[in-house]
Structures are given as C-alpha cells and as structure tokens.
Amino acid sequence: MTYVDVNGTTLHYEDEGTGRPLLLLHGWATSGRVWGAQLPDLVRDHRVVTVDWRGCGRSARPARGNTIDGVVADLVALVGALRLDRPVVVGSSIAGVFATELGARHPELVAGVVPVDGPAYWPSTMPGLLGGPVEGLRRDRAGTVAGWVPEWYAPGTHPALIDWTVRQVLDSGVYVDDQLPAFASYDPRPLLPGLRVPVHYIHGELDPQIPLDVARTCAALTPGAGVSVIAGAGHLPHQERPAEFTAALRAALAQMPPAPAVG
C-alpha cells in the first residue's frame, strides 16, 4: 500500500500506468476502489492515480479539515507530492465540486476537469436533499446509510453493488459528515464562466439525486464545455455502466489538449 502525508493527515493512494496523468476522485464516504472497472483500460496509456480522501477508505480519519477548502488543499499537496504533471481531474459526485474548485483556484496544476454527476448548485435549491440525511446520520447512521444509498442508483442496479457501497460508507470516518452541510449554500455558477481549464461534464441519465439539467446548466455557463449522458445510469455511472462511462471519458479526454496554456 502507498501513503502520502499532506496537511497533517495521511492519504492512501494507488498509482499505476504511464502516460498522460489522470487523478480520479471518489464520491462522499466511499473510496478509490470505486474506479476499479476503469483501471484496466485506462492504465494501458495513462498514469492513473486514485486516492482515498481524508476520512475515507484506507486514509486517516482526522476530525478537522473535512471541508471543501480542506480537501482541495489536500489535492494541491497530493499533486505536488506525487509530481503529477497537470493531470485531468475526474471527480464523482461531491468530488466533482472538489475537481472544479481545484481547476478554478489552481489552473496551473491541472489540464482539465471532468465532474461526474456533480451536485453543483442543486443542493442549495433543495434543502431536504442533504438536510434529512445529515440529521439521520446523527440519529441512526447504519439505518440512514442503508436507506439512502439505494437512492443513488438507477432502478435495476444489482443489489451486490448497492450493498458494497453501503459497507464503504459505513466504514468511513464520521467526520466526513461535516462536508455535507456546506452544500446547502454552495453555488459554483458565478465562477464557471471564468474557468481557464477545459471542462467536460458526464452525467447519468436517470440520476435520482442530481438531475441531468444541472450538468447541462453548468456546461452552458462553462466556456467550451460539453455534456456526455450515460443512458440508463443513475448517480454513479462509472459503476453502473462502466464500459459506457469509460468510452465517454476517453472521448472527453481526446478533446482536451494535454497541457493547455495558462496565462
């Protein structure tokens, strides 16, 4: 196992392959293992780094730093520590926010951003979307997770995939819950027109948590951005429709220059 110390905590990561670098970021309370279906294809011609961000997977579980700013700072330190040469950063769910913020704050560090079913502004317009789960996690963590996670997936998803996700979330540290309330007021729309890195949105057609129109709205505000829709997929298309997702990601990467100029 490989670990790196950043900002007072320890992150687990995996680093495989050679070629154009990719940094794959998992969603809330899961782990880098969620990208397992993509790795055999991508490592053939990319350097692929997956990381368990603080509080998740095999990383440390600190009580502090579980914020948007904290995770973005971890990513900046990780890119430097691993000497990643301007990776394309792919972020699932709330990690789509982390990836977007990294691109906005540090365009010199990344070659592109791919939010995957990112929440963007949607939770700020739907207070009950996260408010209920946040309160439920305090009262009955296991019951809340068992009831909430199935809602992330499209109808017909294999129960084994849902159960595996539930186990990952329950294994995460309780302090990752601190990330969720921030999204009650988070709205990236004002910053999107000023992004200076290529962005491509990938979204599950049937996402029951974040509507497809959210990705389309964000793409319309983001210079040069496009949207790829994964038919039949819910909130986690890289797990639900892995072959289709990998093809969409490769198509998006082909449209992004390896090292866009940053003025």
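The following legends describe close-up views of a predicted model.

In this predicted model, local features need pLDDT of at least 70 and side-chain atom pairs count only at pLDDT 80 or more, whereas totals for chains, interfaces and linings use all residues. Residues are numbered from 1 along each chain as its sequence is written, and side-chain values use heavy atoms, with hydrogens and water left out.

**View 1. The annotated domain spans residues 22-247.** The UniProt annotation "domain: AB hydrolase-1", taken from an unreviewed entry, covers residues 22-247. UniProt positions are given in the numbering used here, feature names are shortened, and annotations may be inferred rather than shown by experiment. The span is 38% helix and 14% strand, and its end C-alpha atoms lie 15 Å apart. Helices (H or I, at least four residues) and strands (E, at least two) are DSSP runs, numbered from the N terminus.

View 2. The expected span is 1.5 Å times one less than the number of residues. Phe 245, Thr 246, Ala 248, Leu 249, Ala 252 and Leu 253 are the buried residues of helix 10. Buried means under 20% relative accessible area, exposed over 50%, and partly exposed in between (1.4 Å probe, protein chains only). The exposed residues Ala 243 and Ala 254 are carried on the face turned away from the buried side. An α-helix has 3.6 residues a turn, so residues three or four places apart point the same way.

**View 3. Leu 253 is a buried residue of helix 10.** Its relative accessibility is 4%, and Leu 253 therefore counts as buried. Not counting residues up to four places away in sequence, Leu 253 touches Arg 20, Leu 22, His 46 and Val 88. Contact means heavy atoms within 4.5 Å. Between Leu 253 and Val 110, which are 143 residues apart in sequence, the C-alpha to C-alpha separation is 13 Å.

**View 4. Helix 5 (residues 128-139) meets helix 6 (residues 141-148).** Two packed helices are described by the angle between their axes and the distance between the axes. Here the axes come within 6 Å and cross at roughly 145 degrees. Axes are lines fitted to C-alpha atoms, for helices over the stretch in contact, and angles run from 0 to 180 degrees between N-to-C directions. Helix 5 contributes Leu 130, Pro 133, Gly 136, Leu 137 and Arg 139, which meet Arg 141, Thr 144, Val 145 and Trp 148 of helix 6. These contact residues divide into 5 nonpolar, 2 polar and 2 charged. In this classification, Ala, Val, Leu, Ile, Met, Phe, Trp, Tyr, Cys and Pro count as nonpolar, Asp, Glu, Lys and Arg as charged, and the others, Gly among them, as polar.

**View 5. The buried residues of helix 6 are covered in part by helix 5 and helix 7.** Arg 141, Thr 144, Val 145 and Trp 148 are buried in helix 6. Seen down the axis, these residues fall within an arc of 95 degrees, so they line one face of helix 6.

**View 6. Helix 7 (residues 159-171) packs against helix 6 and helix 9 (237-240) through its buried residues.** Helix 7 has 13 residues and reaches 18 Å from its first C-alpha to its last, close to the 18 Å expected at 1.5 Å a residue. Leu 161, Ile 162, Thr 165, Val 166, Gln 168 and Val 169 are its buried residues. They fall within an arc of 165 degrees when seen down the axis, so they line one face of helix 7. Pro 159 and Arg 167 are exposed on the face turned away from the buried side.

**View 7. Asp 117, Ala 120 and Tyr 121 lie in the loop between strand 6 (112-116) and helix 4 (122-125).** Most residues other than glycine have a negative phi. Phi is, however, near 50 degrees in Asp 117, and Ala 120 also has a phi near 50 degrees. Asp 117 is buried, with a relative accessible area of 0%; Ala 120 is buried at 9%, and Tyr 121 at 8%. Leaving aside neighbours within four places in sequence, Tyr 121 is in contact with Tyr 186, Asp 187, Pro 188, Arg 189, Asp 213, Val 214, Thr 217 and Cys 218.

**View 8. His 12 lies in strand 2 (residues 9-16).** At 2% relative accessibility, His 12 counts as buried. Residues up to four places away in sequence not being counted, His 12 touches Met 1, Thr 2, Tyr 3, Thr 50, Val 51, Asp 52, Arg 58 and Ser 59.

Conventions: The arc is that of the directions from the helix axis to the C-beta atoms.
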